[in-house]
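Trainee: Before we go through this model, could you take me through its strands, its surface patches and its charged pairs, with the reasoning set out at each step?

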Amino acid sequence: MHLGVSESMRECEYSQISTRSSTPMETPYKKKTPKRRKWESFPGRNKFYCDGRIMMAKQTGVFYLTLVLILATCGLFFTFDCPFLALQLTPIIPVIGGVLFLFVLGSLLRTSFSDPGVLPRATPDEAADLERQIDVANGSTGYRPPPRTKEVVINGQTVKLKYCFTCKIFRPPRASHCSLCDNCVERFDHHCPWVGNCVGRRNYRFFYMFILSLSFLTIFIFAFVITHIILRSHHSGFLNALKDSPASVLEVVVCFFSVWSIVGLSGFHTYLISSNQTTNEDIKGSWSSKRGKDNYNPYSYGNIFTNCCAALCGPLPPSLIDRRGFIQSDAPQMAPPTNGITMYGATQSQQSHMAATTPLLQQQTSEPVILTASPENGILSGRTALSLGGPCTSLPLGQPTPPTSTPSLSCHEVVDMLPIHTHTHSHAHTHPHPHNHTHPLQDPMAHHHFLTPEEVPSPPGMLPCGSPMGHSPTVQAGFYNPASQDSLHEDSVRGLVKLSSV
Amino acid sequence: MRPQAAIASKVFIQRDYTSGTMCQFQTKLPSELEARIDKQQFEETVRTLNNLYAEAEKLGSQSFIEGCLACLTAYTVFLCMETHYEKVLKKIAKFIQEQNDKIYAPRGLLLTDPIERGLRVIEVTIFEDRSLTR
């Protein structure tokens, strides 16, 4: 018996599915559970504050140190040095100092609190699709899957795209996986502990503004504290001057050490911006001419001015992870509304982007995959997990079309390793290098070109809409019940057991 | 256990990185869709999407002015107005909705806005053609 299905199946299949059926099969208590926001089930190692508005790395100790240093030094400056300087020289000094201080603080907070450009992890469907394509590319040659890379030619340079085992995506060019935050970040520059966050595409300009203004502030304070001491020592001698304003000594010391590092860093990043490189690329020497005569940076616009404009004044892309959206865990019957797009403008999130409930499903799929030890379920587990991991446990264990056995079987040897891969990666969380995933099972480099879709065997008809796409406004009722997670896992296991007998 | 709705499979149109980090999608029609939709039509859709994304990320005078203004107002200006990128994303959402209504839905297909997949893929859901299975 089908819900909301009429006789005229030939046309407008799609609008059939868009009927919003009330699902009495859902247990009533689920509707009363409070809605959870997506940040609460974010798979990376980030910390969120203010209900998802603020996003930082896990280790924030050094960030607080930065804050304390800046606040304390500026506080001392305004309290002990500025009165004297305002009287003796000009009151503009504290004003400029104040403006600089506010700018530094603003850009620091903006860098630390914003999303650096995290790439959301692949939905189970996508991951399964990619895995399938890669497996077909490998064929059944050997049981050890070679490292997964894809080559692409950008502006005449060959760039290798690496597959991220944690996020299950091919990383876009210039993206990198941060091992501290456990996220892939677009245009990854570096992870800055002083700022307590990664520096990536979305907050690089704030970071640059921060270090630039901090350089000016440090030099400013240093210069004027020295001026203050000199002026005082004209009146009462050098030692007395130091005794009269001991704070100045502390400030001089802090500023002296900061100036070298901060100004140096600003200079370095100015160079990076003008050549349109990331710290990552510079350290690895990706585009240095030492690698080869024809090696050049394909992303550079050619002239310094354009590069600077692009980095600092270019359009600011929105956050791809929808932190404040609500987790929509709807049943497949709750198929998308007629527009097929989730409410771009209608969500309650500030960002108004409904990234698919990847975090939710990713969490849930990781375990079912591990549970499957049998190779036959290698591919299937990835997909069924998504269906069973969805909160609608009524999902199709009895799909009319049984999985096509041949393609799955041919990929056994390769697929065999897949659950283990995910197992290692979901549970180990150890990334030896921030930028590479050294995988124990990797073979030496083999280049894969992707097979055209024709060569990929047709997928088994097993992809129900586990990954919720539809987010019709009325379906905000929280079908996701954290309390029933365990029962969902049980169902997943039962479901998988059932499948293996198919 | 109720039998499921008519979703047969999903196809993913991957990103095309040949022009760099700009958001562009591959225009090649996947084999699973060949039976369902015309190649020209599909390529047209993807090309329009690519153009829209290029517009969003363009380094024009408008984005430059917006960036400078934002910097001067300490980014508080975005409390009142949307960024250029967000405006274009809304346009894209509307475009996809239109395409779904006019072209893809009658053929049993559904395009998902790439922003919901982190701008990684265009997800095309293929619905089962029950008229054949019954």
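Mentor: Let us begin with a term: two strands are said to pair if DSSP finds at least two bridges between them. Please keep in mind throughout that this is a predicted model.

Trainee: Over how many bridges do E4(A) and E5(A) pair?
Mentor: The two strands belong to an open sheet of chain A with the order E4-E5-E6 and antiparallel pairing, in which strand E4 (149-154) and strand E6 (169-170) are the edge strands, each pairing on one side only. The antiparallel pairing of E4(A) with E5(A) extends over six bridges.

Trainee: Which residue of E8(A) stands opposite A:Val118?
Mentor: E3(A) is joined by two bridges to strand E8 (residues 183-185) of chain A, and the two run antiparallel. In E8(A), the residue opposite A:Val118 is A:Val185.

Trainee: Which residue in the turn of the hairpin formed by E1(A) and E2(A) has a positive phi?
Mentor: Strand E1 (residues 46-49) of chain A runs antiparallel to E2(A) and is joined to that strand by four bridges, with A:Asn46 standing opposite A:Ala57. Four residues lie between the two strands of the hairpin, and the one in the turn with a positive phi, of about 50 degrees, is A:Cys50.

Trainee: Which residues gather in the patch of positive charge on the surface of chain A, and how does A:Lys162 count in exposure?
Mentor: The patch is made by A:Lys160, A:Lys162, A:Lys284 and A:Arg291, and of these A:Lys162 is found in strand E5 (residues 157-164) of chain A. Its relative accessibility is 30%, so A:Lys162 counts as partly exposed.

Trainee: What is the area of the nonpolar surface patch that includes A:Val249?
Mentor: A:Val249 is found in helix H8 (residues 246-275) of chain A, and because its relative accessibility is 36%, A:Val249 counts as partly exposed. The patch is made by A:Val249, A:Val253, A:Phe256, A:Phe257 and A:Trp260, with an area of about 540 Å².

Trainee: How far apart are the closest N and O atoms of B:Glu43 and B:Lys39?
Mentor: B:Glu43 and B:Lys39 are four residues apart in helix H1 (residues 39-56) of chain B, so about one helical turn separates them. B:Glu43 is buried, with a relative accessible area of 13%, whereas B:Lys39 counts as partly exposed at 48% relative accessibility. The two form a salt bridge in which the closest N and O atoms are 3.7 Å apart.

Trainee: How many residues apart are B:Lys91 and B:Glu55?
Mentor: These two residues form a salt bridge, with the closest N and O atoms 3.2 Å apart. The pair links distant parts of the chain, since B:Lys91 is in helix H3 (residues 84-104) and B:Glu55 in helix H1 of chain B, at a separation of 36 residues.

Trainee: Which residues are linked with A:Asp125 in a network of salt bridges?
Mentor: A search of the whole structure finds 19 salt bridges over all chains. In this network, A:Asp125 is linked with B:Lys10, B:Arg117 and B:Glu123.

Note on methods
Residues numbered from 1 in each chain as written. Chains lettered and ligands numbered in written order. Predicted model: local features only at pLDDT ≥ 70, side-chain atom pairs only at ≥ 80, totals over all residues. Heavy atoms only, no water. Patch = residues over 30% accessible without salt bridge, like charges linked within 9 Å, V, L, I, M, F, W, Y side chains within 5 Å. Areas by Shrake-Rupley, 256 points an atom, 1.4 Å probe, with all protein chains shown as cover. Salt bridge = Lys/Arg side-chain N within 4 Å of Asp/Glu carboxyl O. Lys, Arg positive; Asp, Glu negative; His and termini not counted. Charge placed at Lys NZ, Arg CZ, Asp CG, Glu CD. Buried < 20%, exposed > 50% of the residue type's maximum accessible area, 1.4 Å probe, protein only.
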